[in-house]
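Good morning, colleagues. Please bring up the structure, and I shall then go through its features in turn.

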Amino acid sequence: MSAETLIAGGRVVSAGWSGEADVLVHDGRILAIGRNLPASAGAHRIDATGARVMPGFVDAHTHLDMPFADFATGDDWDTGTAAALAGGTTTVVDMAIQPEGASLADTLQIWNEKARGRARVDYGFHPVITTPSDAVLAEIASLPDAGIATVKVFMAYRGTSLYLDDEALIEVFSACGRTGVLPLVHAENGSIIDVLVHRALKEGHVDPSWHALTRPPELEAEAVHRAIRLAEIAGTPIMIVHVSSAAALDEVRRAQARGVDVLAETCPQYLAFQRADLDRANFEGAKYVCSPPLREPADQQALWAGMADRTLGLFSSDHCPFHFAGQKERGRGDFSLIPNGIVGIEERPSVLWTLGVTTGRLSEERFVDLVATGSARAHGLLPTKGSIQPGADADLVIWDPDATITVTNANRHGAIDHTPYEGMTLRGVASTVLVRGEVAYADGAVTAKPGSGRFVRRIARPPRVA
Ligand code: URP
Ligand code: ZN
Ligand code: ZN
């Protein structure tokens with residue numbers, strides 16, 4: 001293909017402005033944006049008339065090929081990134097879980113090997129700290145030089161290696177404060193959830209609906225509050241991932257009002273589904289088990305308000321895909337054995353366009369901020385990724401704002417045996433997607449080859465404390 005591509009006749013939408021403009025791409029980067037741009041005679045031309053032209057979307061919360069029990073999430077870096085492209089996502093940042101006893105360097109090496117040769121989009125990693133030994137805490141300082149700007153910690157899942165207690169949290173947060181690495185936190189009170197789960201099982205409550213009943217919003221709000229206070233003491237900014245409830249969001253809002261540097265993310269499943277989905281017959285409710293759990297309509301309204309007033313600045317998929325057969329089904333007879341997680345890497349942008357833009361809740365610019373630019377900024381990917389400006393990587397989405405698709409598992413591009421979005425009609429779809437100037441997806445087909453994706457070095461924040 002020519003080194004030059006002209007995307008002509010579309011409406012460019014960025015997080016800050018929109019207008020009719022062509023986009024000229026040269027050698028994998030955006031060269032110019034403007035009207036009637038001249039292109040060389042051999043340039044590849046893409047007609048974007050009637051479409052939006054947006055920066056490639058950034059999904060900074062995925063779980064690809066993640067070990068769980070004696071299996072792994074059902075999308076690897078090949079199928080998961082194929083699905084990402086079909087939704088318009090050109091960069092993912094995945095949770096790289098530290099195996100017990102491994103260093104963070106080992107962890108990154110393991111995740112690099114999973115991604116290399118398979119990824120079809122560009123990628124980064126959040127090391128998930130499971131063993132905060134002195135050596136691992138010291139190693140956090142080396143992450144920025146390795147192109148890593150974040151780490152992830154879990155306050156939930158007590159009884160697994162993911163869970164960290166308060167003493168461990170403050171040590172990780174303090175190391176983050178000293179180094180500028182941003183901690184991402186799964187905030188639910190894992191020990192009290194454990195008590196409620198054991199109590200429910202003892203009383204004979206085994207159905208998927210009990211997943212939500214044993215993880216009430218109060219336990220999310222309490223953990224959000226505690227995480228923020230610990231981060232304040234440690235002197236680090238913090239990001240709360242997958243905020244699901246009005247109560248948790250209130251804690252974020254209050255902290256932000258006090259001037260605390262707290263970023264917050266929500267995910268499509270908390271807008272598209274509700275707690276009642278866990279009651280679906282024939283154990284289908286297991287398809288809707290994720291943590292924090294699905295909530296009530298009032299929580300959804302609060303999340304929309306949070307996106308509108310910018311309390312919530314990030315919108316990621318938390319794509320954590322488990323098959324129904326043999327995986328979700330393990331929890332028949334004991335809801336606590338249902339693997340937690342839901343798909344969304346492909347659906348995320350269309351869900352937000354359908355429920356947010358077409359309803360008038362979000363402007364098109366705010367949509368771009370939520371699915372691309374805001375994440376790129378928070379995760380250290382700007383200006384290379386997530387923005388449409390000269391010099392940026394030519395990761396671009398030609399978006400048909402009016403096209404609809406009715407989701408069924410046969411038209412999904414991942415490998416999972418079901419989709420919780422089955423039967424849902426989404427408006428707004430990616431018609432063509434470019435990664436570094438190359439067409440990676442067009443007219444329903446993924447054209448990027450496995451292994452075409454590259455590791456992206458991210459830029460960490462400056463340290464807060466000496
Ligand atoms: O249910 C979820 N969210 N599973 C993925 C792991 C996590 O908690 O992020
Ligand atoms: Zn989580
Ligand atoms: Zn997650």
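The largest pocket of this predicted model holds about 900 Å³ of space. Its lining comprises 42 residues, of which F68, Y157, T160, L162 and N340 are the closest to the centre. Which elements give two or more residues to that lining? They are β9, β13, which covers residues 150–154, and α5, which covers residues 190–202. The most is given by α5, with 6 residues.

I turn now to the metal ions. The zinc ion that is ligand 3 has three protein donors: NE2 of H61, NE2 of H63 and an OD atom of D318, at distances of 2.0 to 2.1 Å. Along the chain, these donors follow the spacing H-x1-H-x254-D. Is the arrangement around ligand 3 tetrahedral or irregular? The 4 donor atoms around this zinc ion subtend angles of 88 to 134 degrees, and the arrangement is therefore tetrahedral, since four donors count as such if all angles lie between 85 and 135 degrees. H63 is placed in the loop between β8 (57–62) and β9 (67–68), while D318 is in the loop between β17 (314–315) and α11 (348–357), so this pair ties together parts 255 residues apart in sequence. H63 and D318 are both buried.

The zinc ion that is ligand 2 lies 3.7 Å from the zinc ion that is ligand 3. Ligand 2 is coordinated at 2.1 Å by ND1 of H186 and NE2 of H242. Around ligand 2, the 4 donor atoms subtend angles of 58 to 146 degrees, which makes the arrangement irregular. Here H186 belongs to strand β14 (residues 182–186) and H242 to the loop between β15 (238–240) and α8 (246–257), so the two tie together parts that are 56 residues apart in sequence. H186 and H242 are both buried.

Next, the aromatic residues. How many aromatic pairs does the structure hold? The number is 17. One of them is formed by F57 and W399: the ring centres are 5.6 Å apart and the planes stand at 70 degrees, so this pair is edge-to-face, given that planes over 60 degrees apart count as such.

F273 and Y288 both lie in the loop between α9 (269–272) and α10 (297–308), 15 residues apart. Both F273 and Y288 are buried. To return to F57 and W399, these residues form one aromatic cluster together with W353 and F367.

Finally, there are lysines placed over aromatic rings. K114 lies over the face of W111, 4.7 Å from the ring centre. K287 is set over the face of F324, and its distance from the ring centre is 5.1 Å.

That concludes my presentation, and I welcome your questions.

How values were computed: Residues numbered from 1 in each chain as written. Chains lettered and ligands numbered in written order. Predicted model: local features only at pLDDT ≥ 70, side-chain atom pairs only at ≥ 80, totals over all residues. Heavy atoms only, no water. Donors = N, O, S within 2.8 Å, 3.2 Å for Na, K, Ca; no water. Tetrahedral: all angles 85-135°; square planar, octahedral: opposite > 155°, others 65-115°. Helix = DSSP H or I, 4+ residues; strand = E, 2+ residues; numbered from the N terminus. Buried < 20%, exposed > 50% of the residue type's maximum accessible area, 1.4 Å probe, protein only. Phe/Tyr/Trp six-rings, centres within 6.5 Å; stacked < 30°, edge-to-face > 60°. Lys NZ or Arg CZ within 6 Å of the ring centre and 35° of its normal. 1 Å grid on protein atoms, 1.4 Å probe; cavity = no way out; pocket = protein on both sides within 12 Å on 5 of 7 lines; lining within 4 Å. Points joined across faces, edges and corners; volume = space filled by probe spheres on them.
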